[in-house]
Amino acid sequence: MKTLALLGRWAAVLILLLGALLAGPVWMLASDQIVTEGHWSALDRSSANIAPSPEDVSEAVVQVYAARAYNWRGAFGVHVWIATKAQNADHYRLHQVLSWRRPTVVSSIDTPDRFWFGNSPELLADYRGEQAQTMIPRIADAVARFPYADLYRVWPGPNSNSFIAWVAREVPGFAVPLPITAIGKDYLFDSVLAPAPSGTGYQLSLGGVVGVLVAREEGIEVNILGLGVGVDIMRPAIKLPGIGRLGMPARVMGNH
């Protein structure tokens with residue numbers, strides 16, 4: 001009887017934990033903050049007019065964007081990508097992982113700040129000039145070396161956000177504090193300890209399922225079953241699963 005009672009308590013705790021973790025995503029869907037209607041081909045993919053035009057800016061540019069994932073997945077998290085423009089180039093090149101492609105890694109000339117199937121992009125990092133020009137070949141090299149280009153798992157990873165976090169760690173000076181809603185950023189592949197994507201702290205993670213991150217830029221984050229909760233002390237805010245950041249906006253990393 002004692003064993004059954006103990007199991008019952010643990011089951012109740014797990015149910016409450018799951019309920020708390022899923023409350024945010026459920027709220028995002030119930031409040032119609034996520035685009036769930038319309039075929040992907042008909043959803044907005046236009047420019048958000050955030051990135052500088054190559055016609056107006058000759059200097060090198062490296063930017064990182066995040067936008068809510070397509071359809072119901074957006075209630076849980078975001079999709080993140082890198083956009084680069086070399087000095088005097090007349091175009092941007094995007095680096096990202098796409099679940100429907102094999103290999104999953106895609107580097108293509110494209111609009112840097114496009115809506116992601118109806119969802120507006122948010123700028124996470126912005127590097128310009130000589131620093132950006134130095135980063136661009138190193139980013140391209142890291143992208144080409146990504147070791148899991150033939151494997152994609154929405155949860156716990158590797159996915160598009162695991163890819164961006166990996167590239168950020170591989171390129172010196174490329175600090176990218178990923179949002180709490182970037183599910184998969186805590187997947188560390190064959191490691192359990194790694195620098196935070198911002199380069200200002202460290203994170204411990206067991207297969208991307210459970211873990212903790214402590215860094216100056218990200219603050220303190222706890223990953224439970226792939227969903228994160230946290231608090232930012234430097235720029236006061238709380239971070240909730242699905243909902244994201246409540247409080248001061250995160251700092252856009254870079255030199256611009």
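Is F146 buried or exposed? F146 is buried, because its relative accessible area is 7% (buried means under 20%, exposed over 50%, partly exposed in between, with a 1.4 Å probe and protein chains only). The model is predicted: local features need pLDDT of at least 70, side-chain atom pairs count only at pLDDT 80 or more, and totals for chains, interfaces and linings use all residues. Residues are numbered from 1 along each chain as its sequence is written, and side-chain values use heavy atoms, without hydrogens and water.

Start with the sheet. Six strands form an open sheet in the order β4-β3-β2-β1-β5-β13, with mixed pairing. Strands are DSSP runs of E, at least two residues, and helices are runs of H or I, at least four, numbered from the N terminus. Two strands pair if DSSP finds at least two bridges between them. The edge strands are β4 (105-109) and β13 (253-254). Strands β2 (78-85) and β3 (93-97) run antiparallel, joined by three bridges. I82 has H95 in β3 as its bridge partner.

Now the aromatic rings. The whole structure holds 13 aromatic pairs (rings of Phe, Tyr and Trp, the last by its six-membered ring, with centres within 6.5 Å; planes under 30 degrees apart are stacked, over 60 edge-to-face, the rest tilted). F146 and W166 are edge-to-face, because their planes stand at 75 degrees, with centres 5.5 Å apart. F146 lies in the loop between α2 and α3, and W166 in helix α3, 20 residues apart. W166 is buried too, at 13% relative accessibility. Elsewhere, W40, Y65, Y70, W81, W116 and F117 form one aromatic cluster.
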